[in-house]
Amino acid sequence: EFILLGLSDTREMQVLFFTFFLLAYVMVLLGNLLIIVAVRTDPKLSSPMYFLLCNLSFIDICCTTVTSPRMLVDLFSQRKAIAFEDCIAQLFFLHFVGASEMFLLTVMAYDRYTAICKPLHYTAIMSRQACWVLVSACWAGGFLHSTVQMLLTVQLPFCGPNTIDNYFCDVPPVIRLACTDIYVTEWLMASNSGLISLVCFLVLVTSYTFILVTIRVRFTERHWKALSTCASHVMVVTLFFVPCIFIYLRPFSTLPSDKHICVIYTVFSPVMNPLIYTLRNNEVKASMWKLWKRCR
C-alpha cells in the first residue's frame, strides 16, 4: 500500500481545504449536470458545438470524481493509506478521462474552426455521424494513452518508501518510489503524456490563430459571437493544458512534487467549465432559464 501525504498536515488547513473542495465538487456536479440536461432537453441546442459541450461536461464530472471524493475522505483520516491496486486504478482512470478531455478540447477547437473558416461546408463536415466518430476517437485515444501509462507503472518494483507526496495517485509521484533506475521509464511516460499535452495545445493554438485571422478579414456580428465562444475555449485550454505540460513534459525524478499545481486541472478547470460556458453563452443561459421555470 501507499500513504498519501495530502495537501497539508495541519488541522486548520485541512478544515479549510475540506470546505473549499467540497463546495468545488458540488459545483462541478451540479453545473455540469445542468449543462447536460439543458442540452439534452432543448431542441435549439442540437448543433455539434453543444453536443461536444455535453460530452465535455460528462468528462469533467468523471475527472473530478476520480480524485475529489477520496481526497475529501482522506482530509480527516489519520492514516491516508491506499492499496496498490486502488492506486493503479485511480492513476488509470485519471489519465483515461484526462487524455480524453485533451482530445475533446482539440475537436471542439476544430469544430469552431470549421464553423468560422468553412461555414458553407460546416454541416457536411460536422455531421451527427462525424461528431460521434470524433467523440469515440477521443475516448479510444484516452484509453490507449492510459493503458500505456498503467503498463509502464505496474511493471516497476516497489520495495522502499511508500509515501506519495500528493493527494491522489499520479504517474510522477508513484514512479519516484520504484526500487530501480527509472530513467528510461520516465522519459517514455514524459513522451507519452507530455507530448500529447503539447501537441494538442499546439493544434489548439493553431486553430484559434486561423480563426482570429479569418475574423479579422471579414468581421460581422456572427463572427463576434463566434469570437466570444472561442474566448471561452481559450480560457478552458489555458487552465487545463498549461499545468499538464508543466508537470508531464519533463523528468519526474529530479523535480519536487507539484501537488498544488495539480489542483488547477483536477479541481479548478472542471469548476470553471460550466461557469465559462454558461455565463458567456446566451443560448445555454436561456435554455437553463426555461428548464428552471419548467421545474418550478
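A disulfide here is a pair of cysteine sulfur atoms within 2.5 Å. With that in hand, welcome to a short tour of a predicted model.

**Figure 1. The Cys-159 to Cys-179 disulfide.** The sulfur atoms of Cys-159 and Cys-179 sit 2.2 Å apart and form a disulfide. Cys-159 belongs to the loop between helix H5 (128-154) and E3, while Cys-179 belongs to the loop between H6 and helix H7 (183-217). The bond thus links distant parts of the chain, 20 residues apart. How accessible are the two partners? Cys-159 is exposed, at a relative accessible area of 63%, whereas Cys-179 is partly exposed, at 34%.

**Figure 2. The Cys-87 to Cys-169 disulfide.** Here the S to S distance is 2.1 Å, and a disulfide joins Cys-87 to Cys-169. The link is left-handed, with -120 degrees about the S-S bond. Cys-87 lies in helix H3 (residues 84-117) and Cys-169 in the loop between strand E3 (163-164) and helix H6 (171-175), so the bond ties together parts that are 82 residues apart in sequence. Are these two cysteines buried or exposed? Cys-87 has 0% relative accessibility and therefore counts as buried. Cys-169 is buried too, with a relative accessible area of 0%.

**Figure 3. How the bonded cysteines pair up.** How many disulfides does a search of the whole structure find? The search finds two. When the bonded cysteines of the chain are numbered in sequence order, the pairing reads 1-3, 2-4.

Figure 4. Cys-63 is in no disulfide, and its nearest cysteine sulfur, that of Cys-244, is 8.5 Å away. To bond, two sulfur atoms would have to lie within 2.5 Å. With a relative accessible area of 2%, Cys-63 is buried. Cys-262 is in no disulfide either, and for this residue the nearest cysteine sulfur is that of Cys-244, 8.5 Å away. At 2% relative accessibility, Cys-262 counts as buried, because buried means under 20%.

**Figure 5. Helix H5, its span and its buried residues.** Take a look along the helix for its buried residues, among them the cysteines Cys-131 and Cys-138. Others in the buried set include Val-135, Gly-142, His-145 and Ser-146. Further along, Gln-149, Leu-152 and Thr-153 are buried as well.

Notes. Residues numbered from 1 in each chain as written. Predicted model: local features only at pLDDT ≥ 70, side-chain atom pairs only at ≥ 80, totals over all residues. Heavy atoms only, no water. Helix = DSSP H or I, 4+ residues; strand = E, 2+ residues; numbered from the N terminus. Buried < 20%, exposed > 50% of the residue type's maximum accessible area, 1.4 Å probe, protein only.
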